Amino acid sequence: MSGGANSKRNVTICTQLNGNIQTIRELTGNSSDVVIRTFAACNGTPAAIAFISGLTDNAIVNENILRPLMTSDPPPGGDSPPSSPSDFMQTVVGRILTVNSVKSINTIADVLTMLFEGNTIVFLEGVDRALAVNTPKWEHRGVEEPSSQTVIRGPKEGFNENIGTNLALLRRRIKSPNLWKIDRRIGKQTQTDVCVLYLKGTADEDLVTEVLRRLDKIETDSILESGFLEEFIQDQTFTPFPTVINSERPDATTAAILEGKIAILTDGTPFALILPVTFFEFLLASEDYYQRFDISSFLRVLRFGAFTASMLLPSIYIAITTFHQEMLPTTMLISLAAQREGVPFPAFVEAFLMEITFEVLREAGTRMPRAIGPAISIVGALVLGQAAVEAGLVSAAMVIVVSFTAISSFVAPATNIAIASRLLRFVLMIFSATLGFFGIMTFLFMLLIHMAGIRSFGVPYLSPFAPILRNNWKDVFVRVPWRMMTTRPLPFASNNKRRQRQKPDPS
């Protein structure tokens, strides 16, 4: 925007109606969707309204703004109009407009901000301020089942792109005045609404202050999705591991807030950010808390095992077939040797080609239309795998290893931690092809040291094992019964540690 336009934005509203209208038209480039309607108010005062077509509820504009302003009866106590335009403005606010929210503004910048939020602006001749009337309405998706975090047992509601709807879904679950909301508007051009939610008296106030400080430091033109905020506020950028959880589920977000964490909602996205987090929380699912504790614990152990397999299985296969054949039983060794007899590539190249092929198929299945995407990815994998084996390019054992690895990577509830395992898998394959099991262990120790140094808003990434917090072990690899989980996990809820009283065993 030019310097002249910027200077006009910073000026105050003048008393001349035509001057205000001309300024709005110039600053919006005479856009056809900026509707400006001039008319005479009920007392004869020249007036005008301005709104954005498509962002405003036309029924409210017609029935609650235009009709009352043009046809209202004179105020009680006489037929004479108010003595001045300012007095008439007070009458408009107090008696004529039948809407739930009216705000007085006095600068052109405020007019533009309110205008593009879907409000209707009311101007009166001779008054150096305007009224912003709450009339927003636009099309948005309804509350549907989450597409990325499905459960068999549990709520089927998911966030949508409307921040007001998402906030209502959380308020409905936490019916407490202690759920505090702090608003921010980020992005010079997009002016995206962002709200920070936390449980007053439970969340750490220093953590809330730090989150707000990081949000206030963001200077960018646009915030189009919560992923923008995640990269701006995360502790460590150069790491494959995420340090902020994104969730599409209101119940999971509610549970995190009740534990003393902070949730960030962003307008225009169905994903809420939850912080701080630890590594182990990315492998916990909402359904773990809706099933019996023994079933949940079994599934959780299975999930951790699958995540480990998704990272290590190809590298272990490469290390064994290349350096450590003596670790295999003789029968299996002979079978593998027979399968690899006609394969022209070493195990590393064989595994690398198969993994790259599967990643391409996965991406293609994601980007293809929903009706044919899954069919192409599944059929493509079967056809290519069978054809590669028959052509002698890869062994049947390698196809099995890559397939089981791919299936294991889908077990992780959080997509971002699954992507991290996919990236680390390729690095582990390089180390195993170079140094065998020694290379795998070397990289794992390096990875463990790296993870020990990661912080998520001051919380150690490997907590509760580094540092050791034994009280939090009740809900990591296994989950104890609910009656034993009497305290909130540390250090998230340092102010209010107890969440329930221990109940006696009904038996």
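**Exercise 1. Characterise the lining of the second largest pocket by residue class, volume and contributing elements.**

Solution. The lining of the second largest pocket comprises 14 nonpolar, 13 polar and 10 charged residues. The structure is a predicted model, and the values below are computed from it.

Step 1. The volume of this second largest pocket is about 1200 Å³.

Step 2. Its lining consists of 37 residues, and those nearest the centre of the pocket are Thr113, Glu117, Arg185, Gln191 and Asp193.

Step 3. At least two lining residues come from each of the helices H1 (3-9), H5 (108-115) and H6 (163-173), and likewise from each of the strands E5 (130-133), E6 (179-186) and E7 (192-199).

**Exercise 2. Determine how H10 is oriented towards H12, and name the residues that form the contact.**

Solution. Two packed helices are described by the angle between their axes and the distance between the axes.

Step 1. Helix H10 covers residues 293-322 and helix H12 covers residues 347-367; their axes come within 9 Å and cross at roughly 160°.

Step 2. Angles over 145 degrees count as roughly antiparallel. H10 is therefore roughly antiparallel to H12.

Step 3. The crossing in which H10 passes H12 is right-handed.

Step 4. H10 contributes Pro314, Ile318, Thr321 and Thr322 to the contact, while H12 contributes Ala347, Phe348, Ala351 and Glu355. By class, these residues are 5 nonpolar, 2 polar and 1 charged.

**Exercise 3. Carry out the analysis for H10 and H15.**

Solution. 

Step 1. The axes of H10 and helix H15 (residues 415-435) come within 8 Å, crossing at roughly 15°.

Step 2. Angles under 35 degrees count as roughly parallel. H10 is therefore roughly parallel to H15.

Step 3. H10 passes H15 with a right-handed crossing.

Step 4. On the H10 side the contact is formed by Phe307, Ser310, Met311, Leu312, Pro314, Ser315, Ile318 and Ala319. On the H15 side it is formed by Ile417, Ser421, Leu424, Arg425, Leu428, Met429, Ser432 and Ala433. The contact has 11 nonpolar, 4 polar and 1 charged residues.

**Exercise 4. Describe the packing of H15 against H16 and the classes of residue in their contact.**

Solution. 

Step 1. Helix H16 spans residues 437-452, and its axis comes within 6 Å of that of H15, with a crossing angle of roughly 140°.

Step 2. H15 and H16 are therefore oblique to each other. Their crossing is right-handed.

Step 3. From H15, the residues Leu424, Val427, Leu428, Phe431, Ser432 and Leu435 meet Phe437, Phe438, Gly439, Ile440, Phe443, Leu444 and Leu447 of H16. The contact holds 11 nonpolar and 2 polar residues, with no charged residue.

Note on methods. Residues numbered from 1 in each chain as written. Predicted model: local features only at pLDDT ≥ 70, side-chain atom pairs only at ≥ 80, totals over all residues. Heavy atoms only, no water. Axes fitted to C-alpha atoms, helices over the stretch in contact; angles between N-to-C directions. Helix = DSSP H or I, 4+ residues; strand = E, 2+ residues; numbered from the N terminus. Parallel < 35°, antiparallel > 145°, perpendicular 65-115°, else oblique. Left-handed = near helix turned anticlockwise from the far one by under 90°. Contact = heavy atoms within 4.5 Å. Nonpolar A, V, L, I, M, F, W, Y, C, P; charged D, E, K, R; others polar. 1 Å grid on protein atoms, 1.4 Å probe; cavity = no way out; pocket = protein on both sides within 12 Å on 5 of 7 lines; lining within 4 Å. Points joined across faces, edges and corners; volume = space filled by probe spheres on them.
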